[in-house]
Amino acid sequence: METTSSSRVGAQPAEAHTAPAPAAPESAAEQQAPPAAQAPEAPQGASAPPRPVPGARRAAEGYLAASFPWYGLDAAFTGPRWLMQVGTAADGTVEHGSTGHGDEPSVRGEIVTGEKERFAVVITVASNPLRRSADGTGVLEATSVSSAAWLAGSGLLAFTWPGQMDHTLRGDWLDQQTEAAWELADDLGGEDWSTLSLPVDGEPTPFHYRESEFGWVLAGSTRDGVHLGAYGRGMSAYGLGFSVIGDLGTYE
C-alpha cells in the first residue's frame with residue numbers, strides 16, 4: 001500500500017473479485033478520477049482492499065495472520081455475524097479487514113426486494129506509523145483515522161445503487177461518489193462530519209460521523225492503537241458499541 005501523500009489505504013467496491021485501490025492524496029487537486037465502474041488504480045505496493053462478496057464466507061486464516069486485534073459489534077448485538085475479507089500489503093502483511101453484522105447486503109438488494117437491508121460493517125485498520133515500500137526504496141504513508149474513514153465511505157458505496165439509475169450510468173455515478181468519499185476522508189474536521197461518542201471495549205470513544213441518503217459512515221481510533229471504520233444502513237449508529245473479537249468462530 002504505497003502512497004506518497006496520504007493515508008488512503010483501499011476501497012471496497014461491489015464487484016466479486018479483488019482489485020487494488022489507491023492511497024489518498026492530501027488534497028483534491030492531486031486526485032485523479034478512477035475509471036468507470038472500477039475502484040481507482042493502486043500505486044505500486046498498494047494493499048489489496050477487502051471486497052465484500054454477499055453469500056460467500058471468508059476463511060479465517062487471513063484474520064488469524066494479522067498482528068493486531070480485530071473489532072466487531074459488542075455483545076449487545078445478537079444478530080448474524082460474518083467474515084468478509086482482509087486487505088494485505090505487497091509483502092502479504094495483513095493491514096485491514098472487515099466484519100459484517102445483520103443482513104448480508106447486496107448492491108441492488110433493496111431495489112429488487114423492496115425491503116431495506118439492515119447491516120453494519122466494522123473495519124479494523126492496523127496502526128502503521130512507518131512502513132517501507134515493497135522494494136525497500138521508500139517509506140509508505142502512515143495509516144490514520146482518515147484511512148478508516150476512506151475504507152468505510154467506499155465500502156458503503158459498494159452496496160449503493162440509486163433506484164432511479166440505469167445500470168449503464170452506475171460507473172459514472174460511482175466515480176463521482178468515490179471521489180467525494182475520498183475528499184471527505186481527508187477532511188474529518190469539515191462541516192460534513194459531526195462527533196459521536198460510542199463505547200469501545202466499554203469505554204466512551206469519540207468518532208467522526210456522517211450520514212447520507214445511502215447510509216452512515218464513522219471512523220475513530222481505539223486504545224489498542226488500531227483505527228476503526230464502520231458503515232451501515234437500516235441500523236442506527238447511535239446505539240452501536242464495539243469490542244475486540246475474542247473468538248472468530250462467532251463469525252460464520
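**Exercise 1. Find which residues Phe77 touches, leaving out residues up to four places away in sequence.**

Solution. Phe77 touches His101, Gly102 and Met235 under that condition, where contact means heavy atoms within 4.5 Å. This is a predicted model, in which local features need pLDDT of at least 70 and side-chain atom pairs count only at pLDDT 80 or more, while totals for chains, interfaces and linings use all residues. Residues are numbered from 1 along each chain as its sequence is written, and side-chain values use heavy atoms, with hydrogens and water left out.

Phe77 sits in the loop between β1 (71–73) and β2 (81–88); helices (H or I, at least four residues) and strands (E, at least two) are DSSP runs, numbered from the N terminus. Along the chain, 24 residues separate Phe77 from His101, and their C-alpha atoms are 8.3 Å apart.

Last, check the accessibility. Phe77 counts as buried because its relative accessibility is 16%. Buried means under 20% relative accessible area, exposed over 50%, and partly exposed in between (1.4 Å probe, protein chains only).

**Exercise 2. Describe how β3 is joined to β2 and to strand β4.**

Solution. Two strands pair if DSSP finds at least two bridges between them. Start with β2: its pairing with β3 is antiparallel and has 6 bridges. Within this pairing, Gly87 is opposite His96 in β3. β2 and β3 form a hairpin with 5 residues between them, and Gly92 in that turn has a positive phi of about 90°.

Then turn to strand β4 (residues 119–125), which is joined to β3 by 7 bridges, again running antiparallel. Here Thr99 is opposite Val122 in β4.

Finally, consider burial. Strand β3 (residues 94–102) is largely enclosed by the rest of the structure, because 9 of its 9 residues are buried.

**Exercise 3. Determine which residues of β4 point one way and which the other way.**

Solution. In a regular strand the side chains alternate between the two faces of the sheet. In β4, Phe119, Val121, Ile123 and Val125 point one way. Ala120, Val122 and Thr124 point the other way. Both groups are buried. Because 7 of the 7 residues of β4 are buried, the strand is largely enclosed by the rest of the structure.

β4 also has 7 bridges to β10, and these two strands run antiparallel. Phe119 is opposite Arg233 in β10.

**Exercise 4. Identify the salt bridge and locate its two residues.**

Solution. A salt bridge is a side-chain nitrogen of Lys or Arg within 4 Å of a carboxyl oxygen of Asp or Glu. By this rule the count is 1. The pair is Arg223 and Glu203, with their closest N and O atoms 2.6 Å apart. Arg223 lies in the loop between β9 (215–221) and β10 (227–233), and Glu203 in strand β8, so the pair links distant parts of the chain, 20 residues apart.

Compare the accessibility of each partner. Arg223 is exposed, with a relative accessible area of 70%, whereas Glu203 is partly exposed at 36%.

**Exercise 5. Examine two aspartates in loops, Asp192 and Asp201.**

Solution. Asp192 is in the loop between α4 (170–185) and β7. Beyond its neighbours within four places in sequence, Asp192 is in contact with Leu184, Tyr209 and Arg210.

Asp201 belongs to the loop between β7 (194–200) and β8 (203–212). Its phi is near 50°, a positive value in a residue other than glycine. Asp201 counts as partly exposed, at 38% relative accessibility.

**Exercise 6. Name the residues with the most contacts inside the largest nonpolar core.**

Solution. A nonpolar core is a set of buried Ala, Val, Leu, Ile, Met, Phe, Trp, Tyr and Cys residues joined through side-chain atoms within 4.5 Å. The largest one has 55 residues, and those with the most contacts inside it are Trp70, Leu73, Trp216, Leu218, Tyr231 and Phe242. Helix α3 (residues 145–158) gives the largest share of this core, 9 residues.

**Exercise 7. State the mean pLDDT of the protein chain and find stretches below 50.**

Solution. pLDDT is the predictor's confidence in each residue, from 0 to 100. The chain's mean is 73, and 60% of its residues reach 70 or more. Residues 1–8 are below 50, yet this stretch has 48 contacts in the model beyond near neighbours in sequence. Residues 10–49 are also below 50, with 125 such contacts. Where pLDDT is low, the predicted coordinates should not be read in detail.
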